[in-house]
Amino acid sequence: MSPHGPALFVHGNPETSAVWGPLLGQLDRDDVVCLSPPGFGAPLPRGFDPTMTAYRDWLIARLEAFRHPVDLVGHDWGGGHVLNVAMARPDLIRSWISDAAGLLDPEYEWHPLARIWQTPGDGEQLVEKMFTAPLEQRITAMLDLGIASPVAERLAAGQDEQMGRAILALYRSADKPALAAAGRHLSTAAARPGLVISPTDDDTTGSEQSRRRVAKLAGAEVAVLAGVGHWWMVQDALQGARALTEFWSRLS
């Protein structure tokens with residue numbers, strides 16, 4: 001009987017689980033499960049309020065279905081959900097990995113696109129423009145972000161009006177005071193081994209210094225990924241897989 005559960009991967013915005021494809025192809029694990037947050041490649045259930053707290057509770061409910069604690073991995077907002085679970089229910093996980101740790105640094109400032117989504121009126125106009133655009137235009141937007149084919153096509157195909165609604169509610173629930181409040185519980189995450197992924201060319205989730213500050217508070221290791229940005233799992237899947245595999249190999 002396995003002493004631990006599978007490796008669970010949770011993606012972010014504006015994504016579906018297709019973003020993990022290149023990375024999973026480089027991992028030497030056959031116990032991998034991808035979870036799609038409601039609105040991001042999965043339907044928004046009736047009555048579900050897509051806030052930061054609701055996504056934490058959604059993920060906790062999914063983890064409670066596993067017999068053994070899992071290895072939890074999150075990217076972008078998925079990384080935020082992972083951290084929120086690690087702080088609230090560390091008993092459900094064997095380990096956690098997040099590339100969004102910088103969000104919980106007290107000095108973090110939201111990037112310009114997020115600030116538009118957080119602004120009533122402007123945010124609605126932007127998501128309508130983004131998610132009612134023709135498929136080819138959405139694919140081009142993904143390519144321009146540095147996401148290579150065929151992942152760009154798969155992500156664009158999963159972008160819809162539900163994702164736009166989820167984006168607005170999620171970002172508006174996660175203003176700076178809310179992030180700072182969540183960060184006050186980072187020491188709880190130290191109950192389980194953690195790894196903070198720090199891509200050198202990603203400034204959307206904080207600087208390397210901010211990620212290191214959060215990692216220290218959460219008792220986590222840091223893996224610096226050189227020459228890659230926010231979508232490191234697509235841009236250099238082999239480097240990312242090595243960081244994850246080396247971390248897991250050190251777990252008892």
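A crossing of two helices is called right-handed if the near helix is turned clockwise from the far one by less than a right angle, and left-handed if anticlockwise. Keep that in mind as we look at this predicted model, where local features need pLDDT of at least 70, side-chain atom pairs count only at pLDDT 80 or more, and totals for chains, interfaces and linings use all residues. Residues are numbered from 1 along each chain as its sequence is written, and side-chain values use heavy atoms, with hydrogens and water left out.

Let's start with two helices. Helix α2 covers residues 52–63 and helix α3 residues 77–88, and they pack at an angle of about 70° with their axes 9 Å apart. That makes α2 roughly perpendicular to α3 (the word covers angles of 65 to 115 degrees). Their crossing is right-handed. In the contact (heavy atoms within 4.5 Å), α2 brings residues including Tyr-55, Arg-56 and Leu-59, while α3 brings Trp-77 and His-81, among others.

Arg-56 also takes part in a salt bridge with Asp-57, at 3.0 Å from N to O. A salt bridge here is a side-chain nitrogen of Lys or Arg within 4 Å of a carboxyl oxygen of Asp or Glu.

The whole structure holds 14 salt bridges. In one of them, Lys-176 pairs with Glu-109, their closest N and O atoms being 2.6 Å apart. Lys-176 sits in helix α9 and Glu-109 in the loop between β4 and α4, so the pair ties together parts 67 residues apart in sequence.

Definitions and conventions: Axes are lines fitted to C-alpha atoms, for helices over the stretch in contact, and angles run from 0 to 180 degrees between N-to-C directions. Helices (H or I, at least four residues) and strands (E, at least two) are DSSP runs, numbered from the N terminus. Angles under 35 degrees count as roughly parallel, over 145 as roughly antiparallel, 65 to 115 as roughly perpendicular and the rest as oblique.
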